[in-house]
Amino acid sequence: MVSKLLDMFRGSSTATDPVCGMDVDTKNPGGGTHDHEGTTYYFCGTGCRLEFAEDAQGYLSGEKKMEM
Ligand SMILES: [Zn+2]
């Protein structure tokens, strides 16, 4: 959480991982990125990216959520 505050001061941007809801640094996404219908999504880890790639529509519609 402290690092997130520091990032805000530095002006770096974050995106929300659509699978787990975590904030992901768009400059250095731990799980890489995935393009879906012209939008780039960022992931905290490879697992989330693969989950999303398998059923992007399910996650975007909110029908599918990963249990934490
Ligand atoms: Zn994630």
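Strand β3 (residues 33-36) and strand β4 (residues 39-42) run antiparallel to each other and are paired over 4 bridges. Strands are said to pair if DSSP finds at least two bridges between them. The strands themselves, like the helices, are DSSP runs numbered from the N terminus, with at least two residues (E) for a strand and at least four (H or I) for a helix. The model is predicted, so local features need pLDDT of at least 70 and side-chain atom pairs count only at pLDDT 80 or more, while totals for chains, interfaces and linings use all residues. Residues are numbered from 1 along each chain as its sequence is written, and side-chain values use heavy atoms, with hydrogens and water left out.

Two pairs of residues show how the strands face each other. Thr-33 has Tyr-42 of β4 as its bridge partner, and His-34 stands opposite Tyr-41 in β4. In a regular strand, side chains alternate between the two faces of the sheet.

Together β3 and β4 make a hairpin, with 2 residues between them. Glu-37 lies in the loop that joins β3 to β4. The phi angle of Glu-37 is positive, about 50°, although this residue is not a glycine. Is Glu-37 buried or exposed? Glu-37 counts as exposed because its relative accessibility is 67%; the term exposed applies over 50% relative accessible area, buried applies under 20%, and partly exposed lies in between (1.4 Å probe, protein chains only).

His-34, which is found in strand β3, counts as partly exposed because its relative accessibility is 22%. Leaving out residues up to four places away in sequence, His-34 touches Thr-39, Thr-40, Tyr-41, Phe-43, Arg-49, Phe-52 and Ala-53. Such a contact requires heavy atoms within 4.5 Å. Phe-52 is 18 residues from His-34 along the chain, and the C-alpha atoms of the two are separated by 8.3 Å.

Of the 68 residues in the protein, 28% are buried. Among contacts between residues at least 6 apart in sequence, 23% join residues at least 24 apart. The protein exposes about 4,700 Å², of which carbon and sulfur atoms supply 52%; this accessible area comes from the Shrake-Rupley method with a 1.4 Å probe, and for residues only the protein chains shown count as cover.

Pro-18 sits in the loop between β1 (14-16) and β2 (23-25). Apart from neighbours within four places in sequence, Pro-18 is in contact with Tyr-41, Tyr-42, Phe-43, Phe-52 and Tyr-59. Pro-18 and Phe-43 are 25 residues apart in sequence, yet 7.6 Å apart in space from C-alpha to C-alpha.

Which residues are the protein donors of the zinc ion? They are Asp-17 (OD), Cys-20 (SG), Cys-44 (SG) and Cys-48 (SG), at 2.1 to 2.3 Å from the ion. Donors are N, O and S atoms within 2.8 Å of the metal (3.2 Å for Na, K and Ca); water is not among the atoms, so sites may look incomplete. In sequence, the spacing of the donor residues is D-x2-C-x23-C-x3-C. Cys-20 and Cys-44 are 24 residues apart along the chain, and their C-alpha atoms are separated by 8.3 Å.

Why is the arrangement around the zinc ion tetrahedral? The 4 donor atoms subtend angles of 100 to 122°, and four donors count as tetrahedral if all angles lie between 85 and 135 degrees.

The structure holds 0 disulfides, a disulfide being a pair of cysteine sulfur atoms within 2.5 Å.

Terms used: Four donors count as tetrahedral if all angles lie between 85 and 135 degrees; four count as square planar and six as octahedral if opposite donors are over 155 degrees apart and all others between 65 and 115; anything else is irregular.
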